[in-house]
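This report examines how two chains meet and how selected side chains are packed. Please view the sequence and the model alongside the text.

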Amino acid sequence: MLFNSLDFAIFLPIVFILYWFVTQRNLKWQNALVVIASYVFYGWWDWRFLSLIIFSTLVDYTIGRKLQSESNNSKRKLLLWSSILINLGFLGFFKYYNFFIENFVQAFSFFGAPIQPNTLNIILPVGISFYTFQTLSYTIDVYRKQLEPTKDIAAFAAFVSFFPQLVAGPIERASNLLPQFYKKRHFKFINVQFGFIRILWGLFKKVVIADRLAIVVNTVYNSPEDYGGLHYILATVLFAFQIYCDFSGYSDIAIGTARMFGFRLMENFRTPYFSKSIGEFWKRWHISLSTWFRDYLYIPLGGNQVGRARLYSNLMIVFVVSGFWHGAKWTFIIWGAVHGFILIIENVLSKRKWVLRNSKSRLLGFVKVLLIFCITAFAWIFFRANTTSDAFSIASELFDFSQSFATNLRGMTLYMGMPLWKLIACFALVAWLIIIEHLIIKKKISELFIIKQKPIVRWSIYTGLILSVLLFGSFEIDQFIYFQF
Amino acid sequence: MLHLQSDKQKLLFYGLGFTLFLSAILMFTEGIFAYFVSHSNTEQTGKINLVMQHQIDTELMIFGSSVAEVGFDTKVLEQDLNLSAYNMAIDGTPISGSEFLTNEFLDYTQNCKTIVIGMAFFSLGDLNLMNAPERYLAHKTNPHVKDNFKKISPSLYNKLYHVPFYSFIVANHTYYKNAFIGAKNSLKNIALDNDPLKGFVPHYSDYEDTRESLKNLEAISISKTTMETYTAIIEKIKAKGITPVLVITPMYIQGQQSFSNYNEYLTAVESLSEQTHTTFFDFSTHAIVNDENYFYNNGHLNASGALKFTEAVSDSLKIVIHGN
């Protein structure tokens with residue numbers, strides 16, 4: 001079920017009413033309702049893959065219990081690895097099987113030993129990368145004795161399948177989300193208000209901004225051979241905002257929905273395009289994934305408590321794996337590697353005095369923000385391109401302005417088969433987003449600011465957002481980008 | 001001062017209040033857009049508005065899809081036949097898909113004597129999708145429009161008529177553009193019927209072969225349900241005392257040859273005319289179909305082709321209308 005669908009618009013109020021008005025007196029009933037609702041939410045897409053979630057839930061619940069009762073270290077390790085192998089086994093099969101087979105075949109052919117490929121027609125279960133990492137974090141935390149394993153199967157099943165964040169995160173830690181299922185939730189009107197405004201803002205970002213920008217981006221990226229440098233720059237800059245609005249919009253809806261049910265999910269984005277370094281960017285972009293990799297991969301590899309060479313290789317490993325997590329394509333791996341490489345350079349440069357790390361100059365700050373945006377936008381080329389050859393051809397011809405059609409903006413848009421006003425509208429939306437984000441950073445606006453207003457002002461803001469979604473939203477592209485991961 | 005004790009009371013009070021507030025705003029917005037769109041006089045929406053607002057009542061009316069829209073030069077027909085005429089063909093929509101237009105027209109017409117139904121190779125195919133529904137959105141409360149949605153696209157019908165404010169989802173920039181045009185027309189008191197070409201849309205481009213492959217012959221679909229729809233439309237026309245005329249519009253010869261069963265389509269139209277005792281003119285073998293200079297693609301005539309074709313149609317229609 002998609003957040004931006006009619007189905008969800010019917011589903012959410014029904015579950016909300018049942019949750020707060022029917023099952024509220026009994027915590028177990030309430031948790032059971034969350035599980036059932038989550039399974040319905042997921043099964044709406046394809047009920048067959050519910051078995052994977054249920055199996056994952058049972059495996060990690062059982063292993064968690066056994067880890068607590070087992071004192072023998074090697075047996076505990078065996079239990080941990082069983083969970084890792086089972087979870088990553090599913091992920092590997094559904095997401096990476098064909099990728100590995102195809103690449104093996106290519107490698108063998110390259111060395112003069114062609115073999116017959118045996119790829120399978122595998123459907124990628126929606127959200128498998130997200131819930132797999134979420135359950136893994138539970139087992140690893142229990143193994144590390146950082147978390148008490150749960151005895152409450154319903155609470156655990158609700159934690160694994162919690163519908164607001166099931167298919168595209170934020171990837172919650174058991175230590176944050178699971179205890180919230182143990183405690184009785186109390187209905188607070190302010191939570192509903194907070195959740196509602198967050199959902200509306202998320203929907204606005206997705207339907208009005210991301211999906212509008214997607215039209216331009218898809219036109220160029222789906223047939224890059226027809227376009228040139230200026231179009232690539234235009235499409236890439238717009239894609240940077242498209243993916244941000246798409247994914248952060250999803251996270252906003254997830255956080256807002258969870259809040260309506262009395263849950264607090266972690267923030268997944270903190271205005272990442274205002275970052276002054278790549279390191280800072282990754283503290284503000286897809287926070288739940290970057291902290292997951294930090295805690296469960298980077299630190300176990302030695303983190304920054306190792307020599308310089310090892311540190312750099314650790315950074316590269318983490319970013320390549322992070323890229324691979326996004327999808328079984330070389331483009332994602334290269335995207336991760338580009339980020340890893342830039343982070344290493346940043347790390348090297350940070351030791352130099354001339355870098356002016358702590359300068360308070362606003363101009364320098366602005367230049368840094370712009371530079372980091374350009375770097376991340378460049379890396380997005382690899383993320384968005386359909387193939388590696390497309391990506392390299394776009395990246396290499398980015399500054400080739402020799403095309404005859406690119407003499408002016410109108411000519412460019414006409415060549416793309418769209419009127420100029422559509423492009424102007426895209427930039428107006430981006431400008432609008434930047435202003436709002438800037439005001440959020442400056443703490444001039446927040447959900448609380450809106451909630452504190454008089455009802456008529458509040459309602460006008462809600463209505464304004466709803467009308468914007470209905471009037472200016474694009475309902476042609478409905479899928480969220482991160483659903484494919 | 002209202003004192004709400006619990007948070008749940010607050011939810012109910014403010015939730016209900018906001019729902020009413022929002023519904024009122026959305027209803028007003030939906031209504032105002034529909035009102036203005038129904039006053040637009042441009043393109044297909046403008047044509048539809050003419051019928052839906054009962055602003056057109058000519059002696060000769062042409063219904064059909066884009067093939068008829070670009071093929072029947074209304075001014076030529078008016079001059080040759082000495083009567084009032086209008087080309088009410090809607091692009092992308094054979095009359096089986098815009099049945100509401102003929103039904104609405106038949107409900108109010110006083111002057112119409114002849115209705116020409118322009119047939120193209122796709123006219124008899126199955127129709128399960130409303131093309132460009134935003135064109136009809138402003139008139140969704142009209143019973144004929146409602147029936148049309150229900151018949152062709154039941155899932156869209158269910159959403160549009162049972163989900164509050166779903167028309168906002170169906171509406172697109174064409175709809176809003178028409179709303180602005182309609183608003184301007186309303187302010188300046190511009191009449192809907194101000195198209196000098198009377199619904200005819202000439203194309204001045206050169207011929208371009210739009211077939212994807214020369215080797216793979218496509219098959220024309222002929223649906224029993226669509227045939228029944230045409231029969232019903234023709235019967236209604238006749239019941240109103242109006243003469244229906246079926247016209248097979250010219251298709252460029254290479255286009256005809258790209259179908260494996262073009263003759264089946266011709267036979268189907270012929271049998272439709274026999275069953276309903278309707279006059280039928282077949283221009284599929286007219287000399288025009290052999291000359292690419294009269295077409296801008298395989299199925300559509302360009303402006304000079306339209307002139308040539310309309311002159312030929314006029315000659316045929318003279319017999320039906322004036323008996324000579």
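## Basis of the model

This is a predicted model, in which local features need pLDDT of at least 70 and side-chain atom pairs count only at pLDDT 80 or more, while totals for chains, interfaces and linings use all residues. Residues are numbered from 1 along each chain as its sequence is written, chains are lettered from A and ligands numbered from 1 in the order in which they are written, and side-chain values use heavy atoms, with hydrogens and water left out.

## Interface between chains A and B

Chain A places 25 residues in contact with 20 residues of chain B, contact being heavy atoms within 4.5 Å. About 2,000 Å² is buried between the two chains, and carbon and sulfur atoms give 84% of that area; buried area is the accessible area (1.4 Å probe) that two parts lose on being put together, summed over both. Between chain A and chain B there are 0 salt bridges, defined as a side-chain nitrogen of Lys or Arg within 4 Å of a carboxyl oxygen of Asp or Glu.

On the side of chain A that touches chain B, the elements giving two or more residues are α1 (6-22), α8 (189-221), α17 (420-441) and α19 (455-472) of chain A. Helices here are DSSP runs of H or I with at least four residues, and strands are runs of E with at least two, numbered from the N terminus. The largest share of this side, 11 residues, comes from α19(A).

## Aromatic pairs

Over all chains, 82 aromatic pairs are counted. Rings of Phe, Tyr and Trp (its six-membered ring) pair if their centres lie within 6.5 Å; planes under 30 degrees apart count as stacked, over 60 as edge-to-face and the rest as tilted. The ring centres of W335(A) and F383(A) are 4.9 Å apart with planes at 70°, so this pair is edge-to-face. It links distant parts of the chain, with W335(A) in α13 (residues 330-349) and F383(A) in α14 (residues 362-384) of chain A, 48 residues apart.

F105(B) and Y108(B) have ring centres 5.5 Å apart and planes at 80°, so they too are edge-to-face. Both F105(B) and Y108(B) are buried, that is, under 20% relative accessible area, with exposed over 50% and partly exposed in between (1.4 Å probe, protein chains only).

## A buried strand residue

T114(B) lies in strand β3 (residues 114-119) of chain B. T114(B) is buried, its relative accessible area being 4%. Beyond its neighbours within four places in sequence, T114(B) is in contact with residues including E59(B), M61(B), I242(B) and I321(B).
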